[in-house]
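Subject: Handover of a structure and its findings

Dear colleague,

Please find below the structure that I am handing over to you. A summary of the findings follows it.

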Amino acid sequence: MKPAPILAALFFLVIGNINGGNNINLVCPEIEREALLSIKASLKDPSNILSTWNISVDVNCCNWNGVVCSNITGGGHVQQLRLQGGLRGKMNPSLVNLKHLSYLDLSQNEFEQTIPSFIGSIASLEYLNLSRAGFYGTVPRSIGDLSNLRVLILEGNYDESQSDQLNVNNVAREMDVDSLQWLSRLSRLELLHVNYVNLSRAANWQQVINTLPSLVELKFRYCNLNFDNAPLNNGVSNVTSLAILDLSRNNFRPNYTIPGWIFQLSNLTFLDLSYNSFQGPIPRGIANLCKIRRLDLSYNNLEGDISDSFGNVSDCFLGSLEWLDLSRNQISGNLSDRFFGDFQSLIVLKLGSNSLSGAIPVSIGKMLSLEYLDLSVNKFTGNLPESVGQLFNFRYLNIRDNKMEGVLTEIHFANLTNLYYLSASWNNFTFNVRRNWIPPFKLRTLMLSSCDLGEGTEIPSWIEMQKPQIHTLDLSSTGISGNVPGWIWKVRFLNVSHNQLHGSIPVISDIGRRHYLYLSSNQFSGSLPRVAPNVSALDLSNNSFSGGLSHFLCEMNETYSLGFLHLGGNQLSGEIPDCWMKWPSMEYLNLGNNILSGTIPNSIGFLTGLRSLNLYGNKISGPIPFSMSSCTKLVKIGLSDNEIDGSIPSWMGTSLANLKILILRSNKLNGKISSGICHLNYLQILDLSDNKFSGIIPRCLDNFTAMATERSLPEYGIGELDYNTYRGFFRDSAKVATKGSELQYDTILALVTNIDLSNNNLSGDIPKELTSLVELRSLNLSGNQLTGMIPGSIGDMKQLESLDLSRNSLSGDMPNSFRVMSTLNYLNVSYNKLTGRIPESTQFWGFNASSFIGNELCGPPLTNSCNSSGGPKNREDKSSSKIEWYFVFLSLGYGFGFSVVCTTLALNKLWREAYFGFLENIWNIIYLYCYTKWASLTKPSS
């Protein structure tokens with residue numbers, strides 16, 4: 001049976017017993033009225049949902065809001081309670097006095113309790129909805145006593161739209177279960193939703209679901225399902241009526257493949273397995289799903305050739321499928337003519353972010369039902385077929401970020417009268433249309449970054465024709481120049497960056513909704529424009545704006561919603577104004593590479609949501625203000641190349657616990673590096689170079705656990721260093737000194753780990769604790785006064801790519817553990833007091849000799865070779881080598897002297913007789929002394 005008839009039957013089962021939907025002739029029993037009044041007394045009702053529950057207004061509770069009575073059994077008993085939205089407090093146990101209640105909806109409330117176990121006593125219930133109601137804790141097993149239940153909806157309170165990272169670890173696990181065994185008693189259950197509830201302890205969920213033969217719809221979304229004790233292939237083969245199955249966003253552990261039993265559910269019309277990290281090819285059993293209409297396998301790690309999975313599928317599968325989403329996988333291969341020709345019923349096709357290649361076949365023009373096509377972020381080549389223009393139902397086309405080329409003409413768009421979304425960015429397309437062409441479509445979104453618009457340097461007239469309805473326009477890197485037409489400032493999302501546009505920017509007025517403007521890397525000049533309070537993102541970086549900031553930041557008496565502000569790379573001057581309390585929504589602030597002076601204003605502390613602060617490359621002076629301790633969400637601080645003085649504040653290690661990047665390079669900071677900085681466990685980049693720090697390197701640097709933990713990019717592309725925009729996200733960047741030069745990182749910034757303490761006045765030895773940072777990739781301690789030996793455990797830093805210890809006073813040998821540092825591709829230990837042999841490895845021989853000069857080292861790559869008898873030296877055998885040579889020379893001297901004496905005595909008789917006579921006299925004296933002494937000691941006393 002299909003889901004629609006069953007749900008419809010259930011709907012009429014519940015609703016049909018109501019007396020024509022009119023309660024006016026029904027009077028509820030007093031015991032039920034009193035029960036309802038007790039429920040009201042236990043609840044808080046700020047939205048006045050229960051305002052009619054008042055006997056002074058109407059004594060008949062059948063007329064109260066949210067109450068539905070039935071006369072099927074006579075007496076107007078309360079049959080339904082619809083109390084969704086806005087209630088708080090706790091449910092009263094008097095609910096069980098509603099003996100005829102069959103429908104209970106408590107969803108969308110804010111109750112402050114666990115799910116009451118007494119709900120399991122309402123035996124007449126057939127419909128129970130407790131979704132997003134504020135309940136927490138373990139779901140009571142007593143719900144399994146509701147044997148008449150047909151619909152059960154249990155959803156946690158997690159709001160998926162508020163998550164930046166689509167990861168099951170973000171689920172607010174306020175509701176959980178210790179087992180699902182109680183579900184097996186609900187044999188009449190047809191619809192079961194248990195979304196956003198932690199089911200990690202329900203290892204036998206498949207066996208339980210297999211006991212529900214009437215189940216039509218099952219949704220276990222964001223549940224942290226655990227299959228360690230329940231292999232996926234156990235299956236739910238008895239649930240043959242199942243039509244809708246949603247197991248999405250459970251993010252199963254790696255190495256799980258899609259279970260084969262799913263494709264034995266022949267009545268499935270809806271299947272969602274997205275965001276689960278499934279691996280391997282798409283099973284060929286997919287062809288068994290003859291009734292499937294929507295199939296979502298996106299955001300997994302599926303691989304293999306797309307032709308192997310869909311090359312020989314059944315006709316019934318091809319005829320029924322309307323929605324196919326395979327995006328964000330690792331699927332490869334070419335799209336054949338047959339692929340597009342066979343899917344005659346397909347309405348939505350999403351293949352974005354895979355590894356598909358080859359040309360898009362001409363047969364795409366046969367998919368006349370197609371409305372939505374996403375082929376973005378693949379490796380497609382060649383031209384876009386002109387047959388695309390035949391798809392009169394086409395509404396959405398996204399082919400951005402491929403390797404396509406060629407000319408786009410009017411034929412490509414001839415019949416696309418319904419097209420509202422077109423993205424062809426980051427290909428090599430050239431538009432060739434008539435200057436007076438009137439396109440058939442009315443676009444709301446147009447994204448043509450890196451395309452040739454084909455009309456010189458002006459914005460084509462056909463684009464201007466879209467202005468009545470367009471809200472997203474990306475013409476970045478298209479080569480347009482000149483002044484910007486006035487209509488363009490009303491576009492909600494505007495990106496014209498990396499062009500040659502010039503002139504001043506007018507006041508950005510209120511367009512009645514959030515406004516996003518990206519105008520970087522042009523030739524705009526003049527003073528900064530005033531912006532409306534609803535502007536959410538503004539990027540004016542790398543232009544020629546001049547003047548101060550006060551009129552832009554302070555002169556309007558309003559509070560702004562701006563969350564992203566990038567004014568870096570201009571010619572702005574003067575002091576930073578002290579009026580940041582007007583910008584409470586700010587998350588990203590970049591004023592870098594200007595001519596700003598003065599101190600960091602105290603009002604910066606009002607930016608409590610600030611995550612990235614960039615003031616580098618100015619003339620800012622004074623200390624880091626205490627008010628910044630209120631910016632507790634800071635992830636990145638970039639204050640390099642200024643004149644900031646004082647010491648690193650002691651509060652930084654405790655107040656800024658989320659800090660990942662701290663760059664204070666090239667300032668006038670002084671004093672000791674406080675051990676308080678070691679509280680920054682998430683720190684991955686620390687740059688304090690070119691300052692005046694003194695004292696020792698803190699021994700607690702091993703607390704930087706982020707530098708000892710394997711790093712990876714955010715799973716779905718959005719991390720703590722990324723900022724949401726209306727269309728995509730902006731990724732923060734940082735300039736890092738490594739490998740002898742400065743490199744700009746953005747795409748892989750989350751992977752970079754770096755410590756740079758160079759060019760200070762640090763003393764003492766290199767703490768061995770530093771070598772426990774096994775994921776550190778760049779370490780620079782050069783230009784200090786460090787002494788002692790290089791730690792022998794330096795080889796534990798096996799991920800280190802760049803190491804600079806030059807211009808110190810380090811002594812001793814270079815440890816042999818250097819030999820195992822296979823990733824090291826930059827090394828500089830020059831101008832120290834190191835001695836001995838350079839560790840022998842082909843990697844070291846590839847380094848420049850200048851990396852070792854200014855020491856007493858020998859061996860390749862230096863030209864001076866070590867003594868042939870020395871061999872490889874290390875710290876352990878150096879002192880023993882010196883002692884060994886001492887005794888060698890001592891023995892040789894003794895042997896030479898002894899041989900001279902013996903030779904002389906053998907050849908000279910007079911000397912020989914005198915020598916042995918001397919020895920005989922000495923012996924007689926010793927003997928006489930010893931004998932006399934012994935006789936006196938043994939003489940008996942008188």
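In this message, buried means under 20% relative accessible area, exposed means over 50%, and partly exposed lies in between, with a 1.4 Å probe and protein chains only. The model is predicted: local features need pLDDT of at least 70 and side-chain atom pairs count only at pLDDT 80 or more, while totals for chains, interfaces and linings use all residues. Residues are numbered from 1 along each chain as its sequence is written, and side-chain values use heavy atoms, with hydrogens and water left out.

I begin with the disulfides, a disulfide being a pair of cysteine sulfur atoms within 2.5 Å. A search of the whole structure finds six of them. With bonded cysteines counted along the chain, their pattern is 1-2, 3-4, 5-6, 7-8, 9-10, 11-12.

Another joins Cys554 to Cys579, at 1.8 Å from S to S. This link is also left-handed, with -70 degrees about the S-S bond. Helices (H or I, at least four residues) and strands (E, at least two) are DSSP runs, numbered from the N terminus. Cys554 lies in the loop between helix H8 (550-553) and strand S37 (564-566), and Cys579 in the loop between strand S38 (571-575) and strand S39 (588-590), so the pair ties together parts that are 25 residues apart in sequence.

Cys678 and Cys700 form a further disulfide, with their sulfur atoms 2.0 Å apart. Here the link is right-handed, with 70 degrees about the S-S bond. Cys678 and Cys700 are both buried.

Turning to the interior, a nonpolar core is a set of buried Ala, Val, Leu, Ile, Met, Phe, Trp, Tyr and Cys residues joined through side-chain atoms within 4.5 Å. The largest has 239 residues, and those with the most contacts inside it include Leu81, Phe310 and Phe317. A second, separate core of 11 residues includes Ile663, Leu721, Ala734 and Val752.

Finally, two strands pair if DSSP finds at least two bridges between them. An open sheet of seven strands runs in the order S15-S17-S19-S21-S23-S25-S27, with parallel pairing. Its edge strands, S15 (279-280) and S27 (428-431), each pair on one side only. Strand S23 (residues 379-382) pairs with strand S25 (residues 403-408) in the parallel sense over two bridges.

Yours sincerely
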